[in-house]
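Visitor: I have a structure open and would like to go through parts of it. Can you take my questions as they come?

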Amino acid sequence: ILFTENCYMYIMIKAPKPLFRSLSVAALGRSQKRCFSQAMASASSGNLRMALDVQLQEIKNQGTYKNERIITSPQSSVVSIKGTDHKVLNFCANNYLGLANHPEVVQAAKDTIDDHGFGLASVRFICGTQDIHKELEETIAKFHDMDDAILYPSCFDANAGLFEAILGKDDAVISDELNHASIIDGIRLCKAGRFRYKHMDMTHLEECLVQTQDRNIRLIVTDGVFSMDGDVAPLKDICNLAEKYDAHVFIDECHATGFFGATGRGTIEHCDVHGRVAIINSTLGKALGGATGGYTTGYQEVVDILRQRSRPYLFSNTVAPSVVGASLKVFEMLQDGNAGLVDKVRANTHVFRNRLTEAGFELRGDYDHPIAPVMLGDARLAAEFAQEMLSRDIYVVGFSYPVVPMGLARIRTQMSAAHTMEDIDRATDAFIEVGKKLGVI
């Protein structure tokens, strides 16, 4: 193949599909790769499949293509993976309390199917509300000490349906720049003025509050815990500013509910701001059983208006009865003295963080939080590191751009109350061994 633009154009247009699919640009120089990409884009103009093929090849060349490993067992601290003949330790699930396959939770789901059926085949306001849905909403509100709660198919839906329903063109939403994608998408749907402050920068947040004093309602929006770094929003400072400038506070608690704080009440408990946050969105799909489902809890008026206006709530099927029944069991377990699970995941987190930090790794996140990102920088290194760990029967995943900023690739590990201390030791030993092999430490 000649390194000229016309030649590439001719090949892309005239060559048969098998040749097109087998072409590689890995060995080309920078200018040649650019010429190759331009020619491929030109050749695929108007052809969806060819255009997407070009984009997929670029993702693979950058080392950021994501392959899904297939689990052939229930979710747990130990799982079976397709292609392996033995089980591996799992350090990449959101199964913080280890309840995803807890026998009491599984049995509750089975019992609820027997009592209330498999599905409702309806949205909530037509014929999709059972007694257990109202019971779960009341339980959630009580757990967070809020007025009321409303269920969604997921927290992504809760975030997508909130801001458009409660904010108008005379209002303002002031959002942390690193908020979750679902928050960003939800804010885009609303007509309020949109303002973004630098990550956890209280000086910049105050500037935004000063700038928006002519607005009617102002809502400060932040993750309680940021999922990629495990860092905790400075809620006490945020609430102080909100009260100073007559604003309201919203937090997404997906990576805090049930396991963070002294009794698992989340970032509000951890930061001691009880009663100072107006709206909480969170999930049933992580610590609280790990299946699916999300919710909004807060002021009664907020919940009431969401039932009237929130599009993901109005136009999505109700949460399945089995999920509702299992979630009720989880809240029952948390309220019946299972705070020992919260203590266990915190203890596991401290041991893991201490060992890797002492070995020379750079870890991010709050010391108490079970999201413990091991920073590597390079995307290819993160992928290779994860593969080396799997060969040692430790299942972790490398995160790279665009999930995290360019140059900040990492292995994001997550501790669980289901991990034993022997599990933690095996994982940290493997990290240290691979880190030395790949020149990280």
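This is a predicted model: local features need pLDDT of at least 70, side-chain atom pairs count only at pLDDT 80 or more; totals for chains, interfaces and linings use all residues.

Visitor: How far apart are the end C-alpha atoms of helix α18?

Guide: They are 24 Å apart. Helix α18 covers residues 421–437, which is 17 residues, and at 1.5 Å a residue it should span 24 Å, so the two values agree.

Visitor: Which residues of α18 are buried?

Guide: The buried ones are D423, I424, A427, T428, A430, F431, I432, V434 and G435.

Visitor: Why would residues three or four places apart point the same way?

Guide: An α-helix has 3.6 residues a turn, so residues with that spacing point the same way.

Visitor: And what do the buried residues of α18 pack against?

Guide: Two helices are on the list, α16 (340–359) and α17 (379–390). The strands are β2 (87–90), β10 (371–377), β11 (394–395) and β13 (409–414).

Visitor: What comes just after α18?

Guide: G439 is found there, with a positive phi of about 75°.

Visitor: Switching to rings. How many aromatic pairs are there?

Guide: The count is nine aromatic pairs. One of them is F352 with F431: the ring centres are 5.9 Å apart and the planes are at 85°, so this pair is edge-to-face.

Visitor: What about F361 and F431?

Guide: Their ring centres are 6.1 Å apart with the planes at 85°, so that pair is also edge-to-face. F361 is in the loop between α16 and β10, while F431 is in helix α18, so the pair ties together parts 70 residues apart in sequence. F361 counts as buried, at 5% relative accessibility.

Visitor: Which residues form the aromatic cluster?

Guide: F91, F352, F361, F385 and F431 form one cluster.

Visitor: New topic. Where does R265 lie?

Guide: R265 is in the loop between β7 (248–252) and α12 (267–271). Its relative accessibility is 27%, so R265 counts as partly exposed.

Visitor: What is R265 in contact with?

Guide: Leaving aside neighbours within four places in sequence, R265 contacts F143, E253, F260 and Q335. A polar atom of the R265 side chain lies 3.5 Å from the backbone oxygen of F143. R265 and H144 are 121 residues apart in sequence, but 6.7 Å apart in space, C-alpha to C-alpha.

Visitor: Last one: where does the charged end of K60 sit?

Guide: It sits over the ring of Y65, 4.9 Å from the ring centre.

Definitions and conventions:
Residues are numbered from 1 along each chain as its sequence is written. Side-chain values use heavy atoms; hydrogens and water are left out. Helices (H or I, at least four residues) and strands (E, at least two) are DSSP runs, numbered from the N terminus. The expected span of a helix is 1.5 Å times one less than its number of residues. Buried means under 20% relative accessible area, exposed over 50%, partly exposed in between (1.4 Å probe, protein chains only). Contact means heavy atoms within 4.5 Å. A polar contact is a pair of N or O atoms within 3.5 Å; within protein, one must be able to donate a hydrogen and the other to accept it, and residues adjacent in sequence count only if both atoms are side-chain atoms. Rings of Phe, Tyr and Trp (its six-membered ring) pair if their centres lie within 6.5 Å; planes under 30 degrees apart count as stacked, over 60 as edge-to-face and the rest as tilted. A charge sits over a ring if NZ of Lys or CZ of Arg is within 6 Å of the ring centre and within 35 degrees of the ring normal.
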